Amino acid sequence: MLLHLCRWLQDNSFIATLNGTAWTAAALEIVHYFSMFILVGSMVIVDLRVLGLVGRRQDATQLADRLFPWIWASLALNFLSGFLMFAGSATAYYHNDIFYDKMGVILLAIVANIIVQQKVRKWDQLPAMPAWAKLIAVLSIGLWVGAIIAGVEVPALTGIG
């Protein structure tokens, strides 16, 4: 059933045109990478603040409140552009274990983002950031770096993308 959906996506004329025309395919990649840079960069700044390594003069809550709209907007753009790129070769991705690993790492990174966003106000009111908050921040950074590496490895190791 899922393979049939992948075939339908890949054979859709709109998807085929987007991925088959050089300038639209390039535009998709630019949007995808640029939104990933904004997403990961913004999240790493929040994580580094939780770790106490940057922005010590500013409350973590204030910094997070400024950056989380950027994080979620860039995640939406990244998802949309990534989905459109995926759809162009959906059947090839369907059989690609590295792609599934990448998606798993990204989902875990998003969960870490959600935890940080929900807890940063509480953490910021404490005399010091709790050790488990710092652990989540380190884990978040590691997961986003892993997502980037996995994203680079999909085409490098499989030739897809």
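Predicted model: local features only at pLDDT ≥ 70, side-chain atom pairs only at ≥ 80, totals over all residues.
Residues are numbered from 1 along each chain as its sequence is written, and side-chain values use heavy atoms, with hydrogens and water left out.

The overall plan comes before the details. The protein has seven helices and zero strands; here helices (H or I, at least four residues) and strands (E, at least two) are DSSP runs, numbered from the N terminus. Along the principal axes, the C-alpha atoms of the protein fill a box of roughly 55 × 30 × 25 Å. Of its 161 residues, 40% count as buried; buried means under 20% relative accessible area, exposed means over 50%, and partly exposed lies in between, with a 1.4 Å probe and protein chains only. A contact means heavy atoms within 4.5 Å. Among contacts between residues at least 6 apart in sequence, 76% join residues at least 24 apart.

Two packed helices are described by the angle between their axes and the distance between the axes. The axes of helix H3 (residues 22-50) and helix H6 (residues 97-125) come within 11 Å and cross at roughly 40°. Such axes are lines fitted to C-alpha atoms, for helices over the stretch in contact, and the angles run from 0 to 180 degrees between N-to-C directions. H3 and H6 are therefore oblique to each other, since angles under 35 degrees count as roughly parallel, over 145 as roughly antiparallel, 65 to 115 as roughly perpendicular and the rest as oblique. Where they meet, H3 contributes residues including Leu-39, Met-43 and Val-46, and H6 contributes residues including Asn-113, Val-116 and Trp-123. The residues of this contact divide into seven nonpolar, two polar and four charged.

The interior can be described next. A nonpolar core is a set of buried Ala, Val, Leu, Ile, Met, Phe, Trp, Tyr and Cys residues joined through side-chain atoms within 4.5 Å. The largest such core has 29 residues, and those with the most contacts inside it are Val-46, Val-50, Val-116, Trp-123 and Trp-144. At least two residues of this core come from each of H3, helix H4 (60-88), H6 and helix H7 (131-158). Beyond its neighbours within four places in sequence, Trp-144 is in contact with residues including Met-36, Val-40 and Asn-113.

Asn-113 lies in helix H6 and, at 0% relative accessibility, counts as buried. Apart from neighbours within four places in sequence, its contacts include Phe-68, Ile-71 and Ser-140. Ile-148, in helix H7, counts as partly exposed at 36% relative accessibility. With neighbours within four places in sequence set aside, Ile-148 is in contact with Met-36 and Val-40.

A second, separate core of 12 residues includes Cys-6, Leu-18, Leu-28 and Val-154. Leu-18 is placed in helix H2 (residues 13-20) and counts as buried at 17% relative accessibility. The C-alpha atoms of Leu-18 and Leu-28 are separated by 8.3 Å, with the two residues 10 apart along the chain.

Notes
Nonpolar A, V, L, I, M, F, W, Y, C, P; charged D, E, K, R; others polar.
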